[in-house]
Amino acid sequence: MQKNPAKALRDSAASINGQKPIKVAVLALPEVLALDFGIPIQTLGRSTSGLYDVRTCSLGGQPVPATGGFSVAPERGLDLLAEVDTIIIPGFTTSREALADEVLHALTAAHSRGTRMVSICTGAFALAQAGILDGLSATTHWQSTADLAALFPRIFVDENVLFVDNGQVLTSAGVAAGIDLCLHLVRSDWGSAAGNVTARSIVSAPRREGGQAQFIKHRSPSGISDQPRDVAAAMEWATRHLYQPITIAHICAATALSERTLARRFEIHAGTTPMKWLAMQRVERAKELLETTAAPIDSIATSVGLGTGANFRYVFKKSTSLTPSQYRNTFNAGHENQPD
């Protein structure tokens with residue numbers, strides 16, 4: 001007979017020394033991302049059978065515009081933040097704009113009291129504005145990591161992970177990574193069994209393999225029209241010869257630039273070294289082939305200039321946290337999969 005997940009979770013909760021539900025506030029900020037806002041409400045508030053007491057709030061308890069052309073109506077004002085154990089800030093599209101002083105003061109006061117601070121997606125910008133992420137590692141949606149790092153240089157931004165747990169302060173990447181982080185909270189607070197039951201309840205994997213890196217689209221090999229002519233020429237030549245062994249000397253010979261000049265120009269205009277950029281393009285081309293073909297792993301390794309299949313697997317997993325086969329299983333639309 002099939003077990004009832006809700007009953008299993010209630011039984012699990014009852015066995016944890018009668019611990020009271022963990023109080024959670026979900027703070028809606030202007031133009032809140034609707035899905036981000038709903039993730040902790042559904043995952044923690046509705047799918048854990050009483051392990052969490054989840055409430056919503058906003059500045060003044062007022063309705064907040066959400067993405068999609070509607071508004072959400074939180075239950076309380078910012079006073080709720082003083083009563084809870086955990087504060088979760090969903091992503092919001094106005095995250096680059098200055099927050100109201102009342103919001104920042106409420107967040108810093110809660111952090112000072114030891115309240116657990118959690119962000120989903122661009123909610124990290126609110127924690128950053130409050131100074132709560134200073135000196136810590138953090139993440140956000142991969143499309144916003146560069147802005148987070150530029151606007152708040154005291155934060156160590158990691159674009160390659162689904163979430164970062166600093167103990168009292170946790171941040172997650174975009175959208176679905178909020179589910180990963182909420183399930184992580186359940187496992188941390190109540191144990192793996194509770195986390196697994198919650199994941200089953202919301203039809204999610206208890207843990208996802210890999211990190212955010214598997215979803216990141218780095219600078220496109222063909223998107224070089226905005227680069228200076230010499231840098232663009234170097235990029236164009238290198239991407240046409242990915243299948244060959246390439247050294248920085250080869251690129252210099254093809255573009256009539258000295259190694260020193262090439263390195264300096266790449267650092268300024270591409271934000272990295274020529275060889276790191278080249279390695280990134282090889283991985284991006286490999287991703288494309290894994291997504292769109294059934295070519296054997298060794299053949300892809302050769303075609304993108306990563307040598308043997310073993311070296312390709314090492315480089316690819318280091319970049320994406322997935323093996324080539326795991327990536328293909330996730331992103332390949334119906335082509336025959338090849339084992340690693």
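The protein has 14 helices and 10 strands, where helices (H or I, at least four residues) and strands (E, at least two) are DSSP runs numbered from the N terminus. This is a predicted model, in which local features need pLDDT of at least 70, side-chain atom pairs count only at pLDDT 80 or more, and totals for chains, interfaces and linings use all residues. Residues are numbered from 1 along each chain as its sequence is written, and side-chain values use heavy atoms, with hydrogens and water left out.

Student: What span should helix H6 have at 1.5 Å a residue?

Tutor: Helix H6 covers residues 176–190, which is 15 residues. The expected span is 1.5 Å times one less than the number of residues.

Student: How many residues of H6 are buried?

Tutor: Buried means under 20% relative accessible area, exposed over 50%, and partly exposed in between (1.4 Å probe, protein chains only). Among the buried residues of H6 are Leu181, Val186 and Trp190. H6 is mostly covered, the buried count being 12 of its 15 residues.

Student: Which residue forms a salt bridge with aspartate 189?

Tutor: A salt bridge places a side-chain nitrogen of Lys or Arg within 4 Å of a carboxyl oxygen of Asp or Glu. For aspartate 189, the closest N and O atoms are 2.9 Å apart, and the partner is arginine 116. The pair links distant parts of the chain, 73 residues apart: aspartate 189 lies in helix H6, and strand S6 (residues 116–119) holds arginine 116.
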